[in-house]
Amino acid sequence: MCWQTEAESRIREILDCRDVCLTSNATTALFALIKGDGIKRVILPVNICFSVPFAVRTGGAEVEFVDVNPENGLMDVCHLQNTVIDAKTALIVPHLYGKTANTFEEIITWAEENNVMVVEDIAQCFGGHFRSEYLGSFGAFAIASFGKGKNIDFGFGGALISNRSSLGKIRAELQSLPRLSGNSLEEKERLERTYTRGHYHNQSLVWFQQFYRRLQKTRTVFLNDISGFPLNGGVDFHGIEKRNSERHDLGAKIRGLLKQRFENIYVEEAPDTGVWWRVRLVIPDLTRHDLVLSTLIQKGIKVSKLYGAVTRLFNGDEQYPGHEKFYRESLFVDIIEENLDRLVRWN
Ligand SMILES: Cc1ncc(COP(=O)(O)O)c(C=O)c1O
């Protein structure tokens, strides 16, 4: 069995799903799904990685944003009440910061009752659980990411997961995407660097808009090239429980250190999915916000806050009060090993 088939069948086994297709990243997985399945309208929360609405629009579907809960930045079923539902409508449900979407069961029921297809975004929580089932097994489809800093980090790569039918048509869509030529790993790393820079806070909205326009023009994130998988990390999905538990410990450690360092700042509790991705700091006193941010950045610690920019990029001045509050108060420290080193030396 070739490594690709082996990896796909291993993921299929873990998630107990119908079909899996490895992709160059989660963005490409979503793009191929939108195009291949002919989805025309997508409802998604405003607090999400910019690549998600980007993939939806570029795939040819209309985006409808809904607000999020100000307490944890996630979607609630109440946000779906006034959405417009057309014939081919999908709902993207992300599970972020180690949390399952709020009222997840009600969201699934709402989608069933309204004939809306659920796509779970498990980019941040591969191997996480909800009521002892794996996340990604509840919707019709799910997208996963194995990019830098994710709990399974091949440096690149993603997957499209189907709980409904075989991915034949979508595989054909992926086959039609370009492949990289030459030293593809080097090129991929260059792309990755450019791409992930967009995730960090010290980039202005202007820079982000320029970056986004460049992405639109080149569409380089949409590739049918997954050769980075075995080169970067081997096909090891076997240690997923162990890996998630290691990340969990690392998250708890980072959380403890931040609590010591920044008194009176609320550091969010352990995740309910069992997978850490980012430690959230809640800083309601805005005068202290910049101080904390610049201290972390000066220490070379990766801090992210950019999801807030998605709203402004796609909606101009449209207001989402829940998200505004969440965005203003939150800072995220990414869990990657190098961060821990720095924090340890710092204390
Ligand atoms: C919630 C979420 N969705 C989608 C993505 C996009 O993943 P990828 O970089 O593999 O395309 C990310 C990346 O960070 C993410 O955090």
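Begin by selecting helix H2, whose buried residues pack against strand E1 (19-23), helix H3 (51-58), strand E5 (117-121), strand E8 (141-145), strand E9 (158-162) and helix H5 (168-175). Helices (H or I, at least four residues) and strands (E, at least two) are DSSP runs, numbered from the N terminus. This is a predicted model, in which local features need pLDDT of at least 70 and side-chain atom pairs count only at pLDDT 80 or more, while totals for chains, interfaces and linings use all residues. Residues are numbered from 1 along each chain as its sequence is written.

With residues 26-37 still selected, compare the ends of the helix: at 1.5 Å a residue, the 12 residues of H2 should span 16 Å, and the end C-alpha atoms are 16 Å apart, which agrees. The expected span of a helix is taken here as 1.5 Å times one less than its number of residues.

Is H2 buried or exposed? 12 of the 12 residues of H2 are buried, so the helix is largely enclosed by the rest of the structure; among them are Ala26, Leu30, Phe31, Lys35 and Asp37. A residue is buried if 20 or more other C-beta atoms lie within 10 Å of its own, exposed if 12 or fewer, and partly exposed in between, with C-beta atoms placed from the backbone. Step just past H2 to glycine 38, which takes a positive phi of about 65°.

Next, show the largest nonpolar core, which has 89 residues and in which Leu30, Ile143, Ala144 and Leu160 have the most contacts. The largest share of this core, seven residues, comes from H2. Such a core is a set of buried Ala, Val, Leu, Ile, Met, Phe, Trp, Tyr and Cys residues joined through C-beta atoms within 7 Å.

Select isoleucine 143, which, leaving aside its neighbours within four places in sequence, is in contact with residues including Ala26, Ala29, Leu30, Val119 and Leu160; two residues are in contact if their C-beta atoms, placed from the backbone, lie within 7 Å. From isoleucine 143, go to leucine 22, 121 residues apart along the chain, with the two C-alpha atoms separated by 10.0 Å. Leucine 22 lies in strand E1 and counts as buried, with 23 C-beta neighbours inside 10 Å. Beyond its neighbours within four places in sequence, the contacts of leucine 22 are Gln4, Ala7, Glu8, Gly157, Ala159, Ile226 and Phe229.

Now turn to the ligand, which 15 residues surround, the closest being Asn25, Ala26, Thr27, Ala123 and Ser145. The elements that give two or more residues to this shell are H2 and H3.

Two loop residues come next. Most residues other than glycine have a negative phi. Aspartate 16, in the loop between helix H1 (3-15) and E1, has a positive phi of about 55° although it is not a glycine, and it is exposed, with 11 other C-beta atoms within 10 Å. Serine 132, in the loop between strand E6 (129-130) and strand E7 (133-134), likewise is not a glycine and has a positive phi of about 60°; with 5 C-beta neighbours inside 10 Å, serine 132 counts as exposed.

Finally, zoom out to the protein chain, which has 13 helices and 13 strands. Of its 347 residues, 45% count as buried.

Notes
Near = placed C-beta within 6 Å.
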